[in-house]
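Trainee: I am new to this structure. Can we go through it in short questions and answers?

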Amino acid sequence: MLKDTKRNQKIASKSTSSTVKRRIPVNIGTIIFGAIFIYIVASLILYMTANHVVSYQVTGGPLAKNQEYSALVLRNETVVTTDSAGYLTYYAPENEKVRKTGSVYGIGQEMPAVESLPLTDETYRALQSTMENFTGSFNGVNFSEVYNCKYKLNGEILSANMNAGTGAMGAQTIMTAPEAGIVVYAVDGYEDYDVSHITSEQLDRKTYMKTDLKTSDRVKEGSAVYKLITSDRWSVVIPLSSRQIVDLDGRTQIRVRFLKDNTTQVGSLTIVTGDDGAYYGIITFANGMIRYVNDRFLDIELVTNTQTGLKIPISSIITKSFYVIPEDFAVTGGDSNSLGFLRLTQDEEGTARAVFVSDTLYEHKDGCYYVDSDEFDAGDILVKGGTTGERFIVGETRLLEGVYSINKGYAVFRKIVIIDKNEDYAIVEKGTTYGIAQFDYIVLDAADVKESEITVN
């Protein structure tokens with residue numbers, strides 16, 4: 001009885017085990033999950049074993065940033081004072097040119113009541129035009145222009161009434177300009193500046209002060225009324241270090257970019273020694289002064305780094321050997337009618353025949369094409385197209401400079417043409433055939449990879 005019970009248990013156990021085995025599900029979901037798992041594991045292994053390189057994104061620009069300076073502006077300026085005391089009436093608009101003997105201001109013992117002066121139709125139209133020009137160009141940042149517009153309107157009204165002889169002006173003496181120039185109603189102490197005695201303190205814009213001469217108060221005899229800028233010729237003065245002296249050595253002309261309005265101008269350069277023993281550069285311009293007539297200091301940039309292109313690290317540059325083949329041996333063929341060469345080969349029966357070989361032509365120079373050494377072997381015989389039967393044996397090599405592009409995930413040689421370089425970076429030409437472009441990714445250190453090697457950033 002006991003034996004029967006054990007036998008029945010074994011049978012039941014086998015039956016259950018067989019049933020369990022048959023119930024293990026094998027469907028498409030299991031297969032897909034397994035494939036994904038294997039792919040993830042394989043990708044992880046490849047990533048761990050791949051060569052990790054540091055990339056560099058190609059940028060454009062000059063080799064180095066141009067030096068910027070805070071420059072002192074000097075002009076031919078004459079301060080004009082009044083010969084008598086009284087109230088001033090301004091006729092000449094500020095920052096505009098007045099002719100010789102042109103009316104600049106009037107002075108009298110009482111201020112004319114401009115609002116009570118009569119207006120002719122012609123005067124009214126002139127005032128309207130002035131207001132339209134002002135509102136069209138007004139910028140709230142320069143609120144002082146409102147006062148300039150006010151004085152200009154007053155001057156136009158007073159000038160019209162003075163020319164008409166209405167008698168409403170009162171007892172005023174009209175003062176004229178001693179010579180033609182630009183009128184400025186402000187002084188700052190630099191009008192008689194002697195550049196031969198320059199010091200660094202005089203170039204410190206933090207201590208700069210300017211005095212506005214426009215006033216409605218009574219002025220004393222001998223008071224400064226305006227200054228007159230009598231020449232378009234002007235200069236800027238900048239401090240120079242010993243290193244900058246070396247960089248500028250031999251230059252007599254230099255291009256300057258004015259950061260205020262991003263305009264450039266060429267000036268003549270003179271280097272002098274100041275009273276404090278420091279070096280200073282004086283750059284003189286023949287025109288353009290009126291753009292900065294109200295500025296005593298300007299931020300400028302000396303445009304000395306004129307070579308621009310694609311900027312790459314020196315560590316990215318490599319040299320690669322290429323076979324050189326005379327251009328006379330190049331023929332057009334293949335499915336894409338590309339340039340290539342006819343290489344002499346033998347078939348299985350030993351019969352010689354010419355086979356078209358297409359290759360990337362990295363350079364065309366001195367009557368030769370530079371071809372990739374991976375496509376040819378030294379000793380290969382090339383034949384010239386046609387019936388001449390002229391042959392050329394591949395063997396001579398020359399070097400080209402380039403970088404490894406990794407845009408596609410593996411290292412590809414790209415040719416470069418260096419324009420300029422220093423210890424860390426080089427500037428290369430844009431648009432080079434089989435070259436690089438801005439925003440391409442290249443290998444930072446070319447020694448880290450080999451050509452065609454898969455790379456991982």
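Mentor: Start with a term: a salt bridge is a side-chain nitrogen of Lys or Arg within 4 Å of a carboxyl oxygen of Asp or Glu. Keep in mind that this is a predicted model.

Trainee: Which residue does Arg-296 meet in a salt bridge?

Mentor: The N to O distance is 2.7 Å, and the cut-off is 4 Å. The pair links distant parts of the chain, 108 residues apart. Arg-296 lies in the loop between β15 and β16. Its partner, in the loop between β10 and β11, is Asp-188.

Trainee: Is Arg-296 buried or exposed?

Mentor: Buried means under 20% relative accessible area. Arg-296 has 3% relative accessibility, so Arg-296 counts as buried.

Trainee: Where is Lys-227, and which residue is its salt-bridge partner?

Mentor: Lys-227 sits in strand β12. The partner is in the loop between β10 and β11, 36 residues apart from Lys-227. The closest N and O atoms are 3.0 Å apart, and the partner is Glu-191.

Trainee: Is Ile-28 buried or exposed?

Mentor: Ile-28 lies in helix α2. Ile-28 belongs to a nonpolar surface patch, which also includes Tyr-39. Exposed means over 50%. Ile-28 has a relative accessible area of 60%, so Ile-28 is exposed.

Conventions:
Residues are numbered from 1 along each chain as its sequence is written. This is a predicted model: local features need pLDDT of at least 70, side-chain atom pairs count only at pLDDT 80 or more; totals for chains, interfaces and linings use all residues. Side-chain values use heavy atoms; hydrogens and water are left out. Patches are made of residues with over 30% relative accessible area and no salt bridge: like charges are joined within 9 Å, nonpolar side chains (Val, Leu, Ile, Met, Phe, Trp, Tyr) within 5 Å. Accessible areas come from the Shrake-Rupley method with a 1.4 Å probe; for residues, only the protein chains shown count as cover. Helices (H or I, at least four residues) and strands (E, at least two) are DSSP runs, numbered from the N terminus. Buried means under 20% relative accessible area, exposed over 50%, partly exposed in between (1.4 Å probe, protein chains only).
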